[in-house]
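Below is a briefing on one protein chain, for a reader who has the sequence and the coordinates at hand.

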Amino acid sequence: MSLDTIKNALLGLTSRVYHYAAEPNANPPYIVWQEDGANDLEAGNRHIERAYTGTIDLYTLEDGDLLMESVPQALDRSGEIAWYLNSVQYEEDTELIHYEWAWETYG
């Protein structure tokens with residue numbers, strides 16, 4: 001299943017990978033991923049092909065964290081995931097750097 005492709009690509013980078021939300025008091029760096037919608041191909045009032053969309057969020061204390069480059073490389077290696085870097089933010093309340101990638105994969 002395509003959602004397993006996302007999860008397995010990220011688990012190949014670190015064991016600190018969470019679906020929807022990190023554990024309370026998770027130590028950075030950590031990754032949170034979630035599916036948030038679909039982009040299905042429809043024809044003749046049917047879903048001909050299914051596609052899932054979502055985001056991957058990396059939270060780190062380190063400017064230039066190697067995971068910032070490793071996440072896109074892992075997604076590319078899968079051969080099944082389209083993605084783009086959606087935003088980079090500094091979270092003032094936690095002092096974490098937050099990278100967000102949007103992704104899409106077929107079902």
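Ile97 lies in strand S7, where strands (E, at least two residues) and helices (H or I, at least four) are DSSP runs numbered from the N terminus. This is a predicted model, in which local features need pLDDT of at least 70 and side-chain atom pairs count only at pLDDT 80 or more, while totals for chains, interfaces and linings use all residues. Residues are numbered from 1 along each chain as its sequence is written, and side-chain values use heavy atoms, with hydrogens and water left out.

**Ile97**

- Ile97 is buried, with a relative accessible area of 13%; buried means under 20% relative accessible area, exposed over 50% and partly exposed in between, using a 1.4 Å probe and protein chains only.
- Not counting residues up to four places away in sequence, Ile97 touches Leu58, Tyr59, Thr60, Leu61, Glu62, Asp63, Val88, Gln89 and Tyr90, a contact being heavy atoms within 4.5 Å.
- Ile97 and Pro72 are 25 residues apart in sequence, and their C-alpha atoms are 17 Å apart in space.

**Asp57**

- Asp57 lies in strand S5, which covers residues 51-60.
- Asp57 is buried yet has no salt bridge, and the nearest side chain of opposite charge, Arg16, is 16 Å away.
- A salt bridge is a side-chain nitrogen of Lys or Arg within 4 Å of a carboxyl oxygen of Asp or Glu; for charge, Lys and Arg count as positive and Asp and Glu as negative, with His and the chain ends not counted.
- The Asp57 side chain makes polar contacts with the side chain of His98 at 2.6 Å and with the side chain of Gln34 at 3.0 Å.
- A polar contact is a pair of N or O atoms within 3.5 Å; within protein, one must be able to donate a hydrogen and the other to accept it, and residues adjacent in sequence count only if both atoms are side-chain atoms.
- Leaving aside neighbours within four places in sequence, the residues in contact with Asp57 are Tyr30, Ile31, Val32, Gln34, His98, Tyr99 and Glu100.

**Strand pairing around S5**

- S5 is mostly covered, with nine of its 10 residues buried.
- S2 and S5 pair in the antiparallel sense over eight bridges, pairing being at least two bridges found by DSSP between two strands.
- In S5, Tyr59 stands opposite Tyr30.
- S5 and S7 run antiparallel and are joined by 10 bridges, with Ala51 opposite Tyr106 in S7.

**Nonpolar cores**

- The largest nonpolar core has 16 residues, of which Ile6, Leu10, Ile31, Trp33, Ile56, Val71 and Trp103 touch the most other members.
- Helix H1 (2-11), strand S2 (30-38), S5, helix H2 (67-78) and strand S7 (96-106) each supply at least two residues of this core, and S7 gives the most, with four.
- Apart from this core lies another of six residues, among them Tyr18, Ala26, Tyr59 and Leu96.
- A nonpolar core is a set of buried Ala, Val, Leu, Ile, Met, Phe, Trp, Tyr and Cys residues joined through side-chain atoms within 4.5 Å.
- Beyond four places in sequence, Leu10 touches Val17, Ile31, Trp33, Ile56 and Val71.

**Whole chain**

- The chain has two helices and seven strands, in the order α-β-β-β-β-β-α-β-β from the N terminus.
- Of its 107 residues, 40% count as buried.
- The C-alpha atoms fill a box of roughly 50 × 25 × 25 Å along the principal axes.
- Among contacts between residues at least 6 apart in sequence, 53% join residues at least 24 apart.
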